[in-house]
Amino acid sequence: MSLGWTRRAPVDTLVGTETAVDFSIPIAELPRVSRDLTSRDGEAKGKVRFSRQRGQAVADLEVDAQPEVVCQRCMQPMRWPVKVKSRVALVSDYNAADRVPDGMEVFLVEADSVSIRDLVDEEVMLALPNVPRHAEDSECARRKVQLPGRTDEPEDAPDMQVQKPFAQLGELLKRK
């Protein structure tokens, strides 16, 4: 069966024929992922194999990509390696999602059909961190951050006065 990565196909057909597809999808074509990236170049490559296991429609998915995100420490672009292997249960409603065995991800299909692009878009999006940062051994991590308007003073300066904003709260509450 010839299946393009954008074409939607019936889940029953994909599962019944145990379709397997190798794909190479431009990152710019992954709608939910690409809108949050600094650059939309590159590809998500991999393969997907559809089957039925214990009565459940399943997609075994492998994805390899390197989308460009912004490091939240130095605010510079960086490549984030995404290498995902997952087993995804393809369900048509929320009740079916509740019955999916542990260890499987859930993907809600629309009109009992699915596209490879939608599966890959979801997996790459889930693999990206909320707060991307360069590795701890990088130059970015070793750089000392100086906040604007602050001088570089030692933390244990003897003349620092510690403020305790709630120190008198107990007495105020007793007055009521």
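Q66 is found in the loop between strand 4 and strand 5 (68–70). Helices (H or I, at least four residues) and strands (E, at least two) are DSSP runs, numbered from the N terminus. The model is predicted: local features need pLDDT of at least 70, side-chain atom pairs count only at pLDDT 80 or more, and totals for chains, interfaces and linings use all residues. Residues are numbered from 1 along each chain as its sequence is written, and side-chain values use heavy atoms, with hydrogens and water left out.

Q66 counts as partly exposed because its relative accessibility is 44%. Buried means under 20% relative accessible area, exposed over 50%, and partly exposed in between (1.4 Å probe, protein chains only). Neighbours within four places in sequence aside, Q66 is in contact with I27, E43, R79, W80 and P81. Contact here means heavy atoms within 4.5 Å. Q66 and V82 are 16 residues apart in sequence, yet their C-alpha atoms are 5.8 Å apart in space.

The chain as a whole has six helices and nine strands. Of its 176 residues, 34% are buried. Among contacts with a separation of 6 or more, 56% join residues 24 or more positions apart. The chain exposes about 12,200 Å², and carbon and sulfur atoms supply 48% of that area. Accessible areas come from the Shrake-Rupley method with a 1.4 Å probe; for residues, only the protein chains shown count as cover.

Five strands form an open sheet in the order 2-3-4-7-8, with mixed pairing. Its edge strands are strand 2 (20–26) and strand 8 (105–108), each of which pairs on one side only. From one strand to the next, the twist averages 30°. Axes are lines fitted to C-alpha atoms, for helices over the stretch in contact, and angles run from 0 to 180 degrees between N-to-C directions. Strands of a sheet pair through backbone hydrogen bonds, either parallel or antiparallel. Two strands count as paired if DSSP finds at least two bridges between them.

Strand 2 and strand 3 pair in the antiparallel sense over seven bridges. I25 has A44 in strand 3 as its bridge partner. Strand 3 (residues 43–53) and strand 4 (residues 56–65) are also antiparallel, with nine bridges. In strand 4, A59 is the bridge partner of F50, and Q56 is the bridge partner of Q53. Helix 4 (residues 116–127) lies across strand 2, strand 3, strand 4, strand 7 (82–91) and strand 8. This helix runs at about 125° to strand 7.

Strand 3 and strand 4 form a hairpin with two residues between them. R54 lies in this turn and has a positive phi of about 55°. Most residues other than glycine have a negative phi. R54 counts as exposed because its relative accessibility is 84%. D112 also has a positive phi of about 55°, although it is not a glycine. D112 lies in the loop between strand 8 and strand 9 (113–114). With a relative accessible area of 49%, D112 is partly exposed.

F166, L169, L172 and L173 form a nonpolar patch on the surface. Together they have about 440 Å² of accessible area. Patches are made of residues with over 30% relative accessible area and no salt bridge: like charges are joined within 9 Å, nonpolar side chains (Val, Leu, Ile, Met, Phe, Trp, Tyr) within 5 Å. A salt bridge is a side-chain nitrogen of Lys or Arg within 4 Å of a carboxyl oxygen of Asp or Glu. L173 lies in helix 6 (residues 169–175). L173 counts as exposed, at 57% relative accessibility.
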